[in-house]
Structure formats: structure tokens, C-alpha cells
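The following note sets out some points for a colleague who has the coordinates open. Each point may be read beside the model.

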Amino acid sequence: MKYISTRGNAPELAFDDVLLTGLAADGGLYVPKEVPQFSLAELESWRDLSYTELAHKVIYPFVEGCVDAEALQGMIDDVYGAFGHKAVAPLQQLDHNEYVLELFHGPTLAFKDFALQLLGRLLDYVLERRHEKVVIMGATSGDTGSAAIEGTKACRNVDIFILHPYGKVSDVQRRQMTTVSGDNIHNIAIEGNFDQAQDMVKASFGDQSFLRGERKLVAVNSINWARIMSQIVYYFYSALNLGGPLRPMAYSVPTGNFGDIFAGYMARKMGLPIEQLIIATNENDVLHRLMSQNLYEVHPLKHTITPSMDIAVSSNFERLLFDLYDRDGAALADLMGRMNAKTDVVSLDEDKLAKARELFDSMAVNQDETVAVMQQVFAETGYLLDPHTAIGVKAARECRRNTRIPMITLGTAHPVKFEDAVKRAGFEMPTLPHHLNDLMEREERLSVLPADLKTVQAFIASHTFKD
């Protein structure tokens, strides 16, 4: 399997290089040169597979030639065997043909565990064979940081630096990052917002001279292809458990950075019958405005009760645009140059937007609506949604095209992580799972820094090179 850049001016890479590269040299994102294809007959033969068996079927084509098949199965068994539910990604029914896919049974109670636990094993596997050490640098609006730290804390060849906006993530989210001990783990609280942290990460990948040529930066946010690859699996798993591939599915995906829903788009390209994908956003609605009005304009970031979606720029949308523009790297480079300027209103070619609308719908849900859905679903079923999942359920119910097929909302996190939303909805806080029951008493370690690139880079260098 070879990978190419969405902007068409970077070398083709194998999976192990893509894993360690992050952004392509031309500023683009890596995608598979060719997408693995599965026939309906092949998919039907997978219907009785366990999650770990299915994961190997879906993931192996993306890593073939770089990761041994047996080693991959061992990593998958190790990662998902430790989840808190035997089904790994169980379905919860809300109504006739309406489901929540619970993706929060991993160690940090969020869907990002599916990708980041496996990414940590893959990093160790590749780095051991290459005799290399790397620096992980990432930005988080909530869940990515804790999942990345948990997934890579035992990696022997990694120093990890996670930036989060100071005072703008929940207490549980923060403590899941800052209470993990290890000399290779560094939490940086930025006196700014997520997008400023993300911009510093992108700038650091563009110029890594602060690492003196002795280390390479590795991305663990959703621009890393290994993240997308791992998330494709649960689309197949949920569909096969509800009668697929003999009937199509629809999905509603709470999304800020477009990575989780792009995994669903990839599942469809690989042969899974998906009839509709709904982009469910909060008031940071750049994708909804583009899909509904064909206006791409970056607005100031709003802080909401769904902090994991408080993102003004959706990085992974570039991967979809690459396909919409017929994989023309030069055309996409021009478009992204205008979008990334953040000063002008940009529109897509009408035929490209029409192509996207064949599959995608979108909705932006405000905070009052989010709380109302949490209350409504609890009254109907006794089931407490986290606020992000509530946004997905609201969008699913409003945008649904076909009530005769299953509508699956991705349940992206456990409600215990979002105290403000739960209390605003009038509920008692659920208890933390047993492995986190002492979380609020654990000692925290973090460094508060200004939102200044040079300061952050100097901090990383001083803690990477201790000579």
C-alpha cells in the first residue's frame, strides 16, 4: 500500500513512513493511493466475526508490506481485549431503527481510544525496527490528549507533548491527561484556545529545526492516517450487526475535525452500503455553513458544553475535498491556500458540492437544543447521552432521509466526562468506572505556557534533550 498527498507535490510513502510523518512535505494530508475494495459477498462472510477478527480484515490492507499480519493481530487483540465491554463497540437501541453505537468503553472513555491505543502499538513496532526515537506533539480540545497519552505512555522510543487550552476542557478530561505519570509525558496548558494550539502544532511540523535534526515530530491527532484507518472498523462492525451488507445504513456523526465521519466515508468507498452520513456539529459550525450555504468562512471560536467539538477549522475535510476535486492535487492546493488564509469567504464549485450532498447532510445544534435532547432521550429510554452524542441524535432525527433503514449515531464519549452538560440537563453525575474511581484525587502535572510558538518549542526542546 502506497500513500499520496492531497496536494500532489510530496513523495509517495509506505505506511510506516506515513505513520511517522504527519503532514506531507507540501502541507497536504496523506491518503491511500488506492482504496481496498470488498465485495458484498465478502462482507456477508464477515457477519459472524468478532470485533478483533473484523478489525484485522479491515486494517491489514492499509499496512500490508510494513506490518506482519500475525503481529497486527496480536496488537489488535491486546488493545481491544482490554476494553470494558466484551463487544468492544456495543449498540444501544433508542427507538425502532434508531441506535447509538457506544464507542466509550476504552480506557479514557472516548472513541479516540479505538485509534490511539492501536497507534501506540504500531509506533512501538515500527520504531523498534528502525532504531529511532521520536517526539509526539499534539493539540487537544478534550479527548485526543488523554487517549494519546494512555496509548503511548509505555512506548520506549517516544517523548509526548500534548497542548490543551488552559481552563477550557472539563476536569475529568484534564485529569485524564495530567495524572498519568512518566518521564516521557508532558502536558502543556496553553493560555489560548484549541485553534491556537493546533496552529502551533502545524507550524512545528512545518519547521522542525527546534529539534536540532536529532528527532522527528509525529502527529497523533486525526491528521495521522493510522487514526482514520482504525476508526473505519466500527462502521463495518455496526452495519454487519444490523443486517448489513444486505441493507444499507445511515450514520450521524458528532464531529469537529471531520476525522470520525471521514472514516465512515472510507468504509463506504471500501464497499460498505452507507446511504447517508450526517455531519453533526455544535455552534462552531464551519462545515454546516459550507454544506448548507456553500460558504466557507472561519468564525471566532465559541466555547460550549461540547468542548471536543470546539474547533473552528476542520483539518480532515481536506481529505474529502481531494476526492470531490477528482484527486487533483494542484486544484486542491489552490483551494486550501484560499481556505487557510482565513480572511476570505470561499465557495466550492457547485458540481463538487452537489457531489458531496449526494451522501452528506449536516446540522448545527446549539447548547439549549443539546440539553433538551439529553433530557428527551432520558425520558424516553432512561439512557443518558453525553452532550456530543446528543448533538448526533438531534441531527439524526432532523436530517434522516429514510426511516426504513437503521440510523446509527456514534456515541463518542461517556457522559461522566462532561459535568457541566450533565448538571445543566438536571441529572446527577454518573459514577466514574472503577479504573478511574480515584481520578479526582490523583496528583496532576502540567505546565502553563503562553500561546507563543517559540516558547512552546523551547519547552519541548529542553525536555527532549536533557544534556
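1. A definition is needed at the outset: a residue counts as buried when its relative accessible area is under 20%, as exposed when that area is over 50%, and as partly exposed in between. By this criterion, aspartate 285 and arginine 289 are both buried. Their side chains form a salt bridge, with an N to O distance of 2.8 Å. The model is a predicted one.

2. Over the whole structure, 28 salt bridges are found. One of them joins aspartate 16 to arginine 130, with 3.4 Å between the closest N and O atoms. This pair connects distant parts of the chain, since aspartate 16 lies in helix H1 (residues 15-21) and arginine 130 in helix H5, 114 residues apart. Aspartate 16 has a relative accessible area of 19% and is therefore buried, whereas arginine 130, at 26%, is partly exposed.

3. A further salt bridge is made by the side chains of lysine 423 and glutamate 419, at 2.5 Å from N to O. The two residues are separated by about one helical turn, because they stand four residues apart in helix H17 (residues 419-424). Glutamate 419 is partly exposed, its relative accessible area being 32%. Elsewhere, salt bridges with shared partners connect Asp16, Asp17, Arg130 and Glu132 in one network.

4. Lysine 352 belongs to helix H14 (residues 350-357). Its relative accessibility is 11%, so lysine 352 counts as buried. Leaving aside residues up to four places away in sequence, lysine 352 touches Leu324, Tyr325 and Asp326.

5. Helix H6 (residues 143-152) is mostly covered, with nine of its ten residues buried. Among them are Asp143, Ser146, Ile149 and Thr152. The buried residues of H6 pack against several elements, including helix H5 (112-130), strand E6 (134-139), strand E8 (185-191) and helix H9 (225-241).

6. Where does the surface carry a nonpolar patch? Tyr166, Leu446 and Val448 form one, with about 250 Å² of accessible area together. Tyrosine 166 is placed in the loop between strand E7 (158-165) and helix H7 (171-178), and is partly exposed at 46% relative accessible area.

7. The largest pocket has a volume of about 490 Å³. Its lining comprises 27 residues, of which Arg7, Leu23, Gly27, Lys202 and Asn340 are nearest the centre. Helices H8 (194-206), H12 (317-324) and H13 (329-340) are the elements that give two or more residues to this lining. H8 gives the most, with four residues.

Key: Residues numbered from 1 in each chain as written. Predicted model: local features only at pLDDT ≥ 70, side-chain atom pairs only at ≥ 80, totals over all residues. Heavy atoms only, no water. Patch = residues over 30% accessible without salt bridge, like charges linked within 9 Å, V, L, I, M, F, W, Y side chains within 5 Å. Areas by Shrake-Rupley, 256 points an atom, 1.4 Å probe, with all protein chains shown as cover. Salt bridge = Lys/Arg side-chain N within 4 Å of Asp/Glu carboxyl O. Buried < 20%, exposed > 50% of the residue type's maximum accessible area, 1.4 Å probe, protein only. Contact = heavy atoms within 4.5 Å. 1 Å grid on protein atoms, 1.4 Å probe; cavity = no way out; pocket = protein on both sides within 12 Å on 5 of 7 lines; lining within 4 Å. Points joined across faces, edges and corners; volume = space filled by probe spheres on them.
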